[in-house]
Amino acid sequence: MILKRFIVGKISTNAYIIHDRHTLDAAVIDPGDNSKLLINYINKNNLNLTHIILTHHHYDHIGAVKDLKKEYNSDVLIHKKDLKGLKNPSINLSKQSNGKSISIDADKMVSNGSLIQIGNISLEVIHTPGHTKGGICLKAINQDIIFTGDTLFNDGIGRLDLPGGSEEDMINSIKNIISKWDNNIHVYPGHGNGDTMKNIRLQNEEYKYIIDRY
Ligand SMILES: [Zn+2]
Ligand SMILES: [Zn+2]
């Protein structure tokens with residue numbers, strides 16, 4: 001699997017393009033903005049963009065979806081509980097963001113355990129509500145890689161005060177799911193640099209607080 005990170009948009013969101021080096025099938029995770037940059041990379045590498053996968057509905061993760069959909073007609077995937085937010089600019093916060101209002105329809109809904117096939121790459125959907133009701137992480141099967149969206153960062157966790165945010169859900173996601181991940185898993189978050197779970201366990205104060213307290 002080839003993985004490329006792009007830092008896009010006003011609040012520096014990570015968009016990731018992954019592809020199978022043999023089939024050149026590709027997926028983009030959270031194309032938040034800068035569609036031209038993403039399209040340029042896809043075309044330059046002759047990739048076949050089969051999927052546009054969204055870790056959650058917020059505007060800073062979905063801003064380039066329409067352009068990519070128009071260009072490649074790839075399937076747009078999101079968890080069913082964030083479907084409404086994807087359509088509603090007040091919920092996805094595009095209305096409040098001083099940018100263009102964004103309203104998008106998904107092609108496919110995913111839920112916990114769904115498998116997404118991109119060439120020979122398999123991504124498993126892990127439902128981790130807390131930042132939003134339908135927030136997901138994506139684990140690359142047979143590789144120590146998990147994309148965490150705004151659920152987990154190197155140095156913190158996602159905000160809980162936005163529409164759909166829930167402290168109780170986040171505590172459950174961290175205690176029951178994320179805390180079980182191996183130390184050698186490399187986390188690719190929605191903002192900021194990635195790191196291993198080993199280092200996140202050492203350095204992430206918000207994560208540690210939840211683990212210690214609950
Ligand atoms: Zn978010
Ligand atoms: Zn974000």
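**Close-up views of a predicted model**

In β11, H186 is the bridge partner of I145. The legends below describe a predicted model.

**View 1. Strand β11 pairs with β10 in a six-stranded sheet.** β10 and β11 run parallel. Four bridges join them, and β11 covers residues 186–189. The sheet is open, and its strand order is β7-β8-β9-β10-β11-β12. Pairing in this sheet is mixed. Its edges are β7 (115–118) and β12 (195–196), each of which pairs on one side only.

**View 2. Strands β1 and β2 form a hairpin.** The two strands run antiparallel, and seven bridges join them. β1 spans residues 2–8. At one pairing position, V8 stands opposite T13 in β2. Four residues lie between the strands. Look for G9 in the turn: its phi is positive, at about 80°.

**View 3. β2 continues into a hairpin with β3.** Here, too, the strands run antiparallel. Four bridges join β2 to β3, which covers residues 25–29. Y16 stands opposite I29 in β3. Five residues separate the strands in this hairpin. L24 takes a positive phi near 65°.

**View 4. Strand β2 is covered on both faces.** β2 runs from residue 13 to 19, and seven of its seven residues are buried. In a regular strand, side chains alternate between the two faces of the sheet. On one side of β2 sit T13, A15, I17 and H19. On the other sit N14, Y16 and I18. Every one of these residues is buried, with under 20% relative accessible area as the cut-off.

**View 5. Three histidines and an aspartate hold the zinc ion (ligand 1).** The protein donors are H56 (NE2), H58 (ND1), H131 (NE2) and D150 (OD). They lie 2.1 to 2.4 Å from the zinc ion. Along the chain, the donors follow the spacing H-x1-H-x72-H-x18-D. Why is the arrangement of the four donor atoms irregular? They subtend angles of 89 to 172° around the zinc ion (ligand 1).

**View 6. D150 bridges two zinc ions.** The zinc ion (ligand 1) and the zinc ion (ligand 2) lie 3.5 Å apart, with D150 as the bridge. H56 and D150 link distant parts of the chain, 94 residues apart. H56 is in the loop between β4 (48–53) and α2. D150 is in the loop between β10 (145–149) and α4 (167–176). Are these two residues buried or exposed? H56 is buried, and D150 is buried as well.

**View 7. The largest pocket has a volume of about 440 Å³.** Its lining holds 24 residues, and the closest to its centre are G32, D33, G63, K100 and I102. Which helix gives the most to the lining? Helix α2 (residues 65–72) does, with three residues. By class, the lining has eight nonpolar, 10 polar and six charged residues.

**View 8. The second largest pocket holds about 230 Å³ of space.** It is lined by 14 residues. Closest to its centre are I11, D60, D150, R159 and L162.

Note on methods. Residues are numbered from 1 along each chain as its sequence is written. Chains are lettered from A and ligands numbered from 1 in the order in which they are written. This is a predicted model: local features need pLDDT of at least 70, side-chain atom pairs count only at pLDDT 80 or more; totals for chains, interfaces and linings use all residues. Side-chain values use heavy atoms; hydrogens and water are left out. On a 1 Å grid over the protein atoms alone, a cavity is a set of points where a 1.4 Å probe fits but cannot get out, and a pocket is an open set with protein on both sides within 12 Å along at least five of seven lines; lining residues have an atom within 4 Å of a point. Grid points are joined across faces, edges and corners, and a volume is the space filled by probe spheres set on the points. Ala, Val, Leu, Ile, Met, Phe, Trp, Tyr, Cys and Pro count as nonpolar, Asp, Glu, Lys and Arg as charged, and the others, Gly among them, as polar. Buried means under 20% relative accessible area, exposed over 50%, partly exposed in between (1.4 Å probe, protein chains only). Two strands pair if DSSP finds at least two bridges between them. Donors are N, O and S atoms within 2.8 Å of the metal (3.2 Å for Na, K and Ca); water is not among the atoms, so sites may look incomplete. Four donors count as tetrahedral if all angles lie between 85 and 135 degrees; four count as square planar and six as octahedral if opposite donors are over 155 degrees apart and all others between 65 and 115; anything else is irregular.
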